Amino acid sequence: MKPYLRSITRANPYKLCFVCLGNICRSPTVEGLFIHRVREAGLENYFYIDSAGTAAYHVGEGANSKSQATANKHGVHLPSRARKLEYADLEEFDLILAMDSENFQNISQLDRKGKFGDKIKMMRDFDPNPDDGNVPDPYYGGMQGFENVFQILDRSSKELLSELKEYVEK
């Protein structure tokens, strides 16, 4: 069994935190996508899903309007409010998923004693077409960049849920 995997029950839901830089584009998109997929599978009582940013640029803001528009086009709601990742998140979450290598480094730097490395992964570790392993930041791009990011996160979240579903005890 991979170190970040464990039995998932209603009494002990699996906790995931998706992390990008500002928590307004990539991480809230995949948070909304994963919530959507979990609900479709009837597993909402088995997961706790959140997102955060490694920087505090947008704390309290909702998802970027282009992220919202792209998600809405696909029938996905983005409920999150931006927040900054904290050390306590490393302790609380079972799996922390970075959107790119810079965010991975920033998350890892919070883990000064190296206690949580097994639960910090790259989101595209679950992408069947991982390319360079990074989810590109669409913030300064046009709508096509947001659509591309949505498709990457859609593929990755499907694979992630498929892996985790094997550990759900009903």
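Reader: Which helix gives the most to the lining of the largest cavity?

Author: That's α5, with 3 residues. A helix here is a DSSP run of H or I, at least four residues long, numbered from the N terminus. By the way, this is a predicted model, where local features need pLDDT of at least 70 and side-chain atom pairs 80 or more, while totals for chains, interfaces and linings use all residues. Residues are numbered from 1 along each chain as its sequence is written, and side-chain values use heavy atoms, without hydrogens and water.

Reader: What makes a residue part of that lining?

Author: An atom within 4 Å of a cavity point, on a 1 Å grid where a 1.4 Å probe fits but cannot get out. C25, T29, S67, T70, P138, F146, V149 and F150 line the largest cavity. The cavity holds about 40 Å³ of space.

Reader: How do the lining residues divide into nonpolar, polar and charged?

Author: Into 5 nonpolar, 3 polar and no charged. Asp, Glu, Lys and Arg would count as charged; Ala, Val, Leu, Ile, Met, Phe, Trp, Tyr, Cys and Pro are nonpolar, and the others polar.

Reader: Why are α1 and α5 called oblique to each other?

Author: Their axes, lines fitted to C-alpha atoms, cross at roughly 45 degrees and come within 9 Å. Under 35 degrees would be roughly parallel, 65 to 115 roughly perpendicular and over 145 roughly antiparallel, with the rest oblique. So α1 and α5 are oblique.

Conventions: 1 Å grid on protein atoms, 1.4 Å probe; cavity = no way out; pocket = protein on both sides within 12 Å on 5 of 7 lines; lining within 4 Å. Points joined across faces, edges and corners; volume = space filled by probe spheres on them. Helix = DSSP H or I, 4+ residues; strand = E, 2+ residues; numbered from the N terminus. Axes fitted to C-alpha atoms, helices over the stretch in contact; angles between N-to-C directions.
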